Amino acid sequence: MSQRTSTVAVVGATGAVGEEMIQLLAERQFPVRKLLPLASARSLGRTVSFGGEELPVEILGRDSFAGVDLALFSAGAAVSREYAPLAVEAGAVVVDNSSAWRYEPEVPLVIPEVNPGKVAEHRGIIANPNCSTIQLLVVLAPLHRRAGIRRMVVDTYQAASGAGRRGMDELAEASIQLLSGKVPAAPKVHPRRLAFNCIPQVDRFLEDGSTREEWKMVAETAKILDDPTVAVSATCVRVPVFSGHSEAVSLELATPLSPEEAREILKQAPGVVVLDDPTHGVYPTTIEAAGNDPCFVGRIRRDPTVPQGLKLWIVADNVRKGAALNAVQIAELLPRL
């Protein structure tokens with residue numbers, strides 16, 4: 001992006017991802033002339049910290065985007081569908097973190113380490129992929145370019161933060177109650193009690209028995225890799241971890257690739273850190289990923305059950321790289337706002 005300073009709006013500024021976006025704009029010294037934090041009426045009276053100042057949160061409205069150059073949205077699909085076109089009409093470029101625009105053919109779906117050139121094709125809106133798809137493809141795209149992925153089987157272990165701050169709060173409250181010998185309240189955010197449990201449901205179920213989260217990974221992988229021939233089978237599970245998604249991945253490749261070759265490819269890949277020495281206890285967990293930018297990969301080994309098979313373990317901070325950081329990185333690719 002040009003060093004010209006910009007007026008930047010953050011929609012959903014008081015949510016977990018919105019707060020992370022604001023922090024990253026400061027950390028990465030994004031050229032912000034003015035920051036406009038926007039949220040619903042529930043956030044009336046709140047402030048956010050930016051540039052050494054406490055900025056009052058403004059209530060999102062139809063006229064909120066006058067003079068805005070860049071609008072980062074993280075307030076849910078319904079809000080994005082209503083307000084993103086208004087922001088574009090007012091002259092802003094929108095980077096949207098919701099699912100509202102990801103599957104529209106004319107809207108680029110971008111991971112900067114994978115398909116940065118797609119940013120140039122935008123017509124006002126650029127979509128951020130789903131968090132589980134981002135970390136998956138940051139790691140797998142370099143392997144696909146080298147050896148071709150025919151099929152991937154992905155099992156995710158997704159943190160409570162994937163359901164927002166309310167999802168984390170519900171996990172914390174139920175955990176405290178159970179450890180105190182009390183019966184926790186019935187869950188309102190997660191479909192079952194998440195504390196000391198694993199839930200094989202992220203998002204709603206579809207007619208074929210899969211969940212929408214699993215469908216997202218299939219559809220987004222095809223669009224981002226620009227290759228509908230890659231077969232994807234996903235099972236998404238919510239686990240009692242506050243932050244950081246993990247993924248166990250099995251690949252069937254078109255051409256042979258040894259674990260050693262895969263490690264060397266991934267060591268050179270942007271946004272990837274290889275932690276892979278199991279004999280000395282070296283492999284990534286969500287603790288290593290928390291608060292960090294890269295996607296971590298380890299346990300790279302052969303899968304003997306399929307021809308040219310590899311298995312990997314991938315971990316990333318889903319709020320940071322899986323949402324806020326990816327959006328800010330997209331904004332950094334814009335030549336001029």
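## A parallel sheet, its helices and its salt bridges

Six strands make up an open sheet here, ordered 5-2-1-6-7-8, with parallel pairing. At its edges sit strand 5 (58-59) and strand 8 (125-127), each of which pairs on one side only. Keep in mind as you browse that this is a predicted model.

- Strand 1 (residues 6-11) and strand 6 (residues 70-73) run parallel and are joined by 4 bridges.
- Helix 2 (residues 77-89) lies across strand 1, strand 6, strand 7 (93-96) and strand 8, and runs at about 175 degrees to strand 6.
- Helix 8 (residues 320-333) lies across strand 6, strand 7 and strand 8, at about 160 degrees to strand 6.

**Helix 3**

- Helix 3 (residues 131-147) has 17 residues, which at 1.5 Å a residue should span 24 Å; the end C-alpha atoms are 25 Å apart, in agreement with that value.
- There is a kink of about 40 degrees at Leu-140, shortly before the proline Pro-142.
- Gly-148 follows helix 3 and has a positive phi, near 75 degrees.

**Salt bridges**

- The whole structure holds 15 salt bridges.
- One of them joins the side chains of Glu-20 and Arg-320, at 2.9 Å from N to O. This pair links distant parts of the chain, with Glu-20 in helix 1 (residues 16-27) and Arg-320 in helix 8, 300 residues apart.
- Both partners are buried: Glu-20 has a relative accessible area of 15%, and Arg-320 has 6% relative accessibility.
- Glu-20 and Arg-320 also belong to a network of salt bridges that links them with Glu-27, Arg-28, Asp-293 and Glu-332.
- Asp-276 and Arg-263 meet through their side chains in a salt bridge of 2.7 Å, N to O. Here Asp-276 lies in the loop between strand 12 (272-274) and helix 7 (286-289), while Arg-263 is in helix 6 (residues 259-267), 13 residues apart. Asp-276 counts as buried, at 16% relative accessibility.
- Lys-118 and Glu-121 form a salt bridge whose closest N and O atoms are 3.6 Å apart. Lys-118 is partly exposed, with a relative accessible area of 29%, and Glu-121 is partly exposed as well, at 47% relative accessibility.

Key:
Residues numbered from 1 in each chain as written. Predicted model: local features only at pLDDT ≥ 70, side-chain atom pairs only at ≥ 80, totals over all residues. Heavy atoms only, no water. Pairing = 2+ DSSP bridges. Helix = DSSP H or I, 4+ residues; strand = E, 2+ residues; numbered from the N terminus. Contact = heavy atoms within 4.5 Å. Axes fitted to C-alpha atoms, helices over the stretch in contact; angles between N-to-C directions. Expected span 1.5 Å × (residues − 1). Bend = angle between axes of the 7 residues up to and from the residue. Salt bridge = Lys/Arg side-chain N within 4 Å of Asp/Glu carboxyl O. Buried < 20%, exposed > 50% of the residue type's maximum accessible area, 1.4 Å probe, protein only.
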